[in-house]
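Good morning, everyone, and thank you for coming. Please look at the model on the screen while I walk through a few of its parts.

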Amino acid sequence: MSQRYSASPSPRPGTPTQANGSSLDISIGCKLFVEVKKGKKEQQEEFRKAEILSIRTNNAGQTEYYVHFMEFNKRLDEWVGIERLDLSREIERPVKKRTGKGGFRETDTSSSIGSPMRDGSRTPASVGQKRKMSSLEDPPTPSIEQQNDDYDSVDGNVTPGNMTPSGPMAATFSKAQEIERLRVSGSMTQSHSEISRVKNLEKIHFGEYDVETWYFSPYPREYSDAAVVYICEFCLFHFISEKQLHRHCKKCTVRHPPGNEIYRCDDISFFEIDGNKQKVYCRNLCLLSKLFLDHKTLYYDVDPFLFYIMCKQDEYGCHMIGYFSKEKESTEGYNLACILTLPQHQRKGFGRLLIAFSYELSKKEGKVGSPEKPLSDLGLLSYRSYWSEVIVELLLETKELNEDIAIEDISARTSIATTDIIQTLQTLGAIKPYKGQQIICLSDGVIASYHKAKEKHKNRRIEESCLQWTPPHFTSNQLRYL
């Protein structure tokens, strides 16, 4: 997209300025209207209300503002120049409150709890959050206006077992405490001061793709000044320059994830990796995935998890498409902790394939599984799409055989938890009252939607015969990581 403004833009007509020519005082916490970046040249100029989260001076000496568009997903947060700020409208400034003895302090006026943290400003409003699921491929990836985009408010259940210190304690929340909380709750979310920061990387080069990032990830600080961060697609090591990457690629002999290949069908493979045995690779994987997952903050303690990497093969090697992780021993029966399809491979059915593979493993284990809760809005849409397709397919098969089937039977044959089955059927409007009891009845619209989805995903299915895997067994000593 061509740059619309000059390198040194002048204020908009009628915009008041100070005597030295700079704009009116704009500080962190101010809310004002900001021009939205156009997706197409012919789009009309659009302004949305945004909050200033950070201010910096770029290499050209110009002031830039990091803004969060109110009521929109945080992946749309970006650095903007003053030319995109509408200073002709009223600016909403932070409210000053008394702190006692005549003192004042600025407080946040934002109603969106989930906006990125500011340096030294507020602390998160809720604690004990669990990492939310990323969007896969079914929901759209551009801007989505959500009723609960402040993810902190989605997870309202706080228990002593998974509580995270907030306020002054958050800064001193030790690694040992975070690891212990991982043991107890199984959540991959840790200190909230690590979660909602200003995005530090703008773009990464991964394989043959240049990918714009969505969220903050704790890469080395010097990477923040790089226009592009280069990542080896095979070993996931990261570099600050293209020259460094080329030198590395001449020496790197890795051509697939460092684990056991447990599935291969056509050009799709799955590799199982033990976080305890391949710490460096798994930590690099977590750094990469944090760029696209808002509430995934597992950086150093990868020991309790197994990682399943989905790759596409060609003559050059196995290229990563996405992955999911699961706890080696989940006390709550979760068969998936975190899931991600890389943005360049989204909306191609790979997210559904990852979900299907997690349930195929549960079938091999003879267990009923469910993704770690709570799900984000987009994650719930992706899972509900899969659940609907699998459940409706089974119900139509039993109808053809003229058999009766109960919810417990559906769970046993699909490894989907009964609570997930009931919620999916309720969403489909398939549970009807009949003669004093509840029956399952599929409408013509639901059946038509199923056939449409089946046709769409006919090439994205897991072949059970191609899975060569024995469920791993871990002794109590192996699970004692500390």
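Predicted model: local features only at pLDDT ≥ 70, side-chain atom pairs only at ≥ 80, totals over all residues.

I will begin with helix 3, which is mostly covered, since nine of its 12 residues are buried, where buried means under 20% relative accessible area with a 1.4 Å probe and protein chains only. The buried residues of this helix include Y281, C282 and N284, and also L285 and C286. Helices here are DSSP runs of H or I with at least four residues, strands are runs of E with at least two, and both are numbered from the N terminus.

Residues are numbered from 1 along each chain as its sequence is written, and side-chain values use heavy atoms, with hydrogens and water left out.

Now to a sheet: five strands form an open sheet in the order 4-3-2-1-5, with antiparallel pairing, where two strands pair if DSSP finds at least two bridges between them. Its edge strands, each pairing on one side only, are strand 4 (78–81) and strand 5 (85–86). Strand 3, residues 63–69, runs antiparallel to strand 4 and is joined to strand 4 by four bridges, and Y66 has W79 in strand 4 as its bridge partner.

Finally, where is E372 placed? E372 lies in the loop between strand 18 (370–371) and helix 5 (377–400), and E372 counts as buried because its relative accessibility is 0%.

Key:
Buried < 20%, exposed > 50% of the residue type's maximum accessible area, 1.4 Å probe, protein only.
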